[in-house]
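Subject: Handover of a structure and summary of findings

Dear colleague,

Please find below the structure that I am handing over to you, followed by an account of what was found in it. I would be grateful if you kept it open while reading.

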Amino acid sequence: MKPIPYGHQWIDNYDIRQVVKVLKSDRITQGPKIKEFEEALCKYTGARYAVAVSSGTAALHIACLCAGIKTGDEVITSPITFVASANCVLYCGGKPVFADIQEDTVNIDPKKIEEYLRRQKVGGRREKVKAIIPVHFAGHPCDLEEIHRIAKKYSLSVIEDACHALGARYLSRTSPFPSSRGESRGGDERWVKIGSCIHSDMAVFSFHPVKSITTGEGGAVLTNNKDLYEKLLMFRNHGITKDSSRFTVHGSRFAGSWYYEMQELGFNYRITDFQCALGISQLKKLEEFVKRRKEIVNTYNQELSQVDEIILPVERWYVKSSWHIYYIRLKNVEKRKLLFEKLQKSGIGVQVHYIPVHLQPYYRKNLEYKQDDCPKAEKYYESVITIPLYPALRKSEVDYIVKCIKEFYKELR
Ligand SMILES: Cc1ncc(COP(=O)(O)O)c(C=O)c1O
């Protein structure tokens, strides 16, 4: 059998034709497809504004800048995530603070967020928490309403790291939007899509090939706030504005149409037009992709629930995960390395998502984090293995993966 990766894009001929059309056109970057992709993202999620950029990391960076994160500020995030969720705070001169996870969902625990904020208030510390970056780990939405409540109480911004969660939904009890922006479920409850920003200031997606949809590299920030939207546009493009109503230099009104102003220290985080053509085409298939992922998850759940030594991932009743990855936890953590190596030798692309960020050497050395700072995250890390999950994964491959795992435990007996 051909090696099976842990994640893989699905690109078909329709996608390829859309990209080729742009490549044959006059504008391969900064053309009309960028706006079209942004509008498609808004239509899908229900958010008012979207800014497409060159990666999820770039999206997190400009989202933090727009939230006003600067030297001395603290931002609370999860320890079980890719390093980019915390690094974006460091880029702005701020300090990432890690709140421990919920054991079942592996998402940031709102109780731990509030505990930290309370302790800080009582201690009268100088550093100021400015924002929370909840990460929808593996595509399972965080407790957004509770996080939003805490953020309001302490006047914090919420930037969702939704890089895993395009296509996920949660049941909102306080959604302020009319039903056209979500999917009504009767009463005041409403299924809303991640990215709608109903309970956050901004939400960030990644379109890396292993994610729900791909543009190669790519990302986006979504928001319902016009001011944030305009700032995001500026930070994407060197901090430059060409909008004459925003010019600040006296006399600039009399300048010609060549005139622009650099008002912030921004970046070149632009995405290309042909990437966005791919994004538009991929977005049309998103619901199918999520459905196929869920079918594979059902098979894994059914088969692996027969193995006593394995703990399966959960999906709380008030969410619909986008199932970015499928992770299993081993009751006997000493067997993790053995199983990982057996699967690897069998041609199965296993991974570990994630090494807790606070234990990375950079974080230990420069921010003085240490073992036991987030005990639940550390315990989770010792036990976990990610096994392959992507829409193109065939039934024969799923059966083979299950067989290899079951064999491992049989041989142990
Ligand atoms: C949770 C999370 N946040 C941020 C990122 C960064 O996204 P990108 O690779 O598009 O820069 C990733 C990428 O893997 C991620 O998994």
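In general, the strands of a sheet pair through backbone hydrogen bonds, and they do so either parallel or antiparallel. Please note that this model is predicted.

I turn next to the domains. The protein chain is divided into domain 1, covering 13-283, and domain 2, covering 286-412. Taken over C-alpha atoms, the centres of domain 1 and domain 2 are separated by 26 Å.

How many residues of each domain are in contact with the other? In domain 1 there are 41 such residues, and they meet 35 residues of domain 2. Together the two domains bury about 3500 Å² between them, with 61% of it on carbon and sulfur atoms. Across this interface, 22 residue pairs are in polar contact. The elements that give two or more residues to the side of domain 1 that touches domain 2 are α4 (84-91), β3 (95-98), β6 (169-172) and α8 (273-283). Of these, β3 provides the largest share, with 4 residues. Sorted by class, that side of domain 1 has 24 nonpolar, 10 polar and 7 charged residues.

Salt bridges come next. Side chains of opposite charge can pair when their charged atoms come close. The structure holds 27 salt bridges, and 3 salt bridges are found across the interface of domain 1 and domain 2. In another, Asp 104 pairs with Arg 316, with the closest N and O atoms 3.0 Å apart. This second pair links distant parts of the chain, 212 residues apart: Asp 104 is in the loop between β3 and α5 (110-123), while Arg 316 is in the loop between β13 and β14 (319-320).

Finally, two details of the backbone deserve mention. Most residues other than glycine have a negative phi, and most peptide bonds are trans. Which peptide bond is cis? The bond from His 353 to Tyr 354 is cis, with omega near 0 degrees. Tyr 354 lies in the loop between α10 (336-345) and α11 (361-367). Ala 138, although not a glycine, has a positive phi of about 65 degrees. This alanine, Ala 138, is found in the loop between β4 (128-133) and α6 (144-153).

Yours sincerely,
A colleague

Conventions:
Residues are numbered from 1 along each chain as its sequence is written. This is a predicted model: local features need pLDDT of at least 70, side-chain atom pairs count only at pLDDT 80 or more; totals for chains, interfaces and linings use all residues. Side-chain values use heavy atoms; hydrogens and water are left out. Domain bounds come from an automatic or database domain assignment. Contact means heavy atoms within 4.5 Å. Buried area is the accessible area (1.4 Å probe) that two parts lose on being put together, summed over both. A salt bridge is a side-chain nitrogen of Lys or Arg within 4 Å of a carboxyl oxygen of Asp or Glu. A polar contact is a pair of N or O atoms within 3.5 Å; within protein, one must be able to donate a hydrogen and the other to accept it, and residues adjacent in sequence count only if both atoms are side-chain atoms. Ala, Val, Leu, Ile, Met, Phe, Trp, Tyr, Cys and Pro count as nonpolar, Asp, Glu, Lys and Arg as charged, and the others, Gly among them, as polar.
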